[in-house]
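Here is a short report on one protein model. Look at the fold first, then read on for the pairings and contacts.

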Amino acid sequence: MPSPTHGKICYVELPAGDTDADVARSAAFYAAVFGWRTRRRGDGRLAFDDATGQVSGAFVPGRRPAEVGLLLYVMVDDVAAAVDAAVAQGAGVVQPLGADAPELTVRIADPAGNVIGLYQEPPPAAP
């Protein structure tokens, strides 16, 4: 039986132009229109949390929407099993497991060509 978070959208990267001003403009738009809260991540990137606090993400400069566009990460219980299931249903692997290490992510292209990410939470640290 899958866990309650299996299949949940958990992280979104939004293309936001090329400059810091473009990123700030995007952040202001989402805050004003949707009530998203913004914050600076440890790496300095401007991040957001959706109005529910359930979905977070970052504004990504330099990525054209026509190239990748909105990149959603879907939370899964087992990223390797999810990739196998996706491939069995006609998806292709765009970025293999390990490319975002230490994060457990894979990017796939669905049968229509839309690129999405799969994300597995890391196992709990040993005591």
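With which residue does Asp22 form a salt bridge? The partner is Arg25, and the closest N and O atoms are 2.5 Å apart.

## Basis of the model

This is a predicted model: local features need pLDDT of at least 70, side-chain atom pairs count only at pLDDT 80 or more, and totals for chains, interfaces and linings use all residues. Residues are numbered from 1 along each chain as its sequence is written, and side-chain values use heavy atoms, leaving out hydrogens and water.

## Overall layout

The protein has two helices and eight strands. Helices (H or I, at least four residues) and strands (E, at least two) are DSSP runs, numbered from the N terminus. Read from that end, the order is β-α-β-β-β-β-α-β-β-β. The C-alpha atoms fill a box of roughly 40 × 40 × 25 Å along the principal axes.

Of the 127 residues, 35% are buried. Buried means under 20% relative accessible area, exposed means over 50%, and partly exposed lies in between (1.4 Å probe, protein chains only). The protein exposes about 7,500 Å², by the Shrake-Rupley method with a 1.4 Å probe. Carbon and sulfur atoms supply 59% of that area. A contact means heavy atoms within 4.5 Å. Among contacts with a separation of 6 or more, 50% join residues 24 or more positions apart.

Two strands pair if DSSP finds at least two bridges between them. Strand 5 (residues 71-76) and strand 8 (residues 115-120) run parallel, with four bridges. Val76 stands opposite Gln120 there. Strand 7 (residues 104-109) runs antiparallel to strand 8, and six bridges join them. Two of the facing pairs are Arg107 with Gly117 and Val106 with Leu118.

Strands 7 and 8 form a hairpin with five residues between them. Gly113 in that turn has a positive phi of about 100°. On strand 7, Arg107 is also the bridge partner of Gln95. Strand 6 and strand 7 are antiparallel and share three bridges. How many of the six residues of strand 7 are buried? Five are, so the strand is largely enclosed by the rest of the structure.

The loop between strand 6 (92-95) and strand 7 holds Pro102. The peptide bond from Ala101 to Pro102 is cis, with omega near 15°.

## Charges and salt bridges

The protein has 10 positive and 15 negative side chains. Lys and Arg count as positive, Asp and Glu as negative; His and the chain ends are not counted. The centres of the two sets lie 8 Å apart, with each charge placed at NZ of Lys, CZ of Arg, CG of Asp or CD of Glu.

Side chains of opposite charge can pair when their charged atoms come close. A salt bridge here is a side-chain nitrogen of Lys or Arg within 4 Å of a carboxyl oxygen of Asp or Glu. The count comes to three. Asp22 and Arg25 sit three residues apart in helix 1 (residues 20-34), so about one helical turn separates them. Arg25 is exposed, at 55% relative accessibility.

Asp49 and Arg39 meet in a salt bridge at 2.8 Å, N to O. Asp49 lies in strand 3 and Arg39 in strand 2 (residues 37-40), so the pair ties together parts that are 10 residues apart in sequence. Asp49 is buried, at 18% relative accessible area. Arg39 is partly exposed, at 34%. Arg41 and Asp43 also form a salt bridge, at 2.5 Å, N to O. Arg41 is partly exposed, at 25%.

## Around Val55 and Ser56

Val55 belongs to the loop between strand 3 (46-49) and strand 4 (56-60). Is Val55 buried or exposed? Val55 is buried, with a relative accessible area of 16%. Not counting residues up to four places away in sequence, Val55 touches Lys8, Ile9, Cys10, Tyr11, Val12, Phe48, Asp49 and Asp50. Gly7 is 48 residues from Val55 in sequence, and their C-alpha atoms are 13 Å apart.

Ser56 is in strand 4. Ser56 is buried too, at 18% relative accessibility. Leaving aside neighbours within four places in sequence, Ser56 is in contact with Cys10, Tyr11, Val12, Arg39, Phe48 and Asp49.
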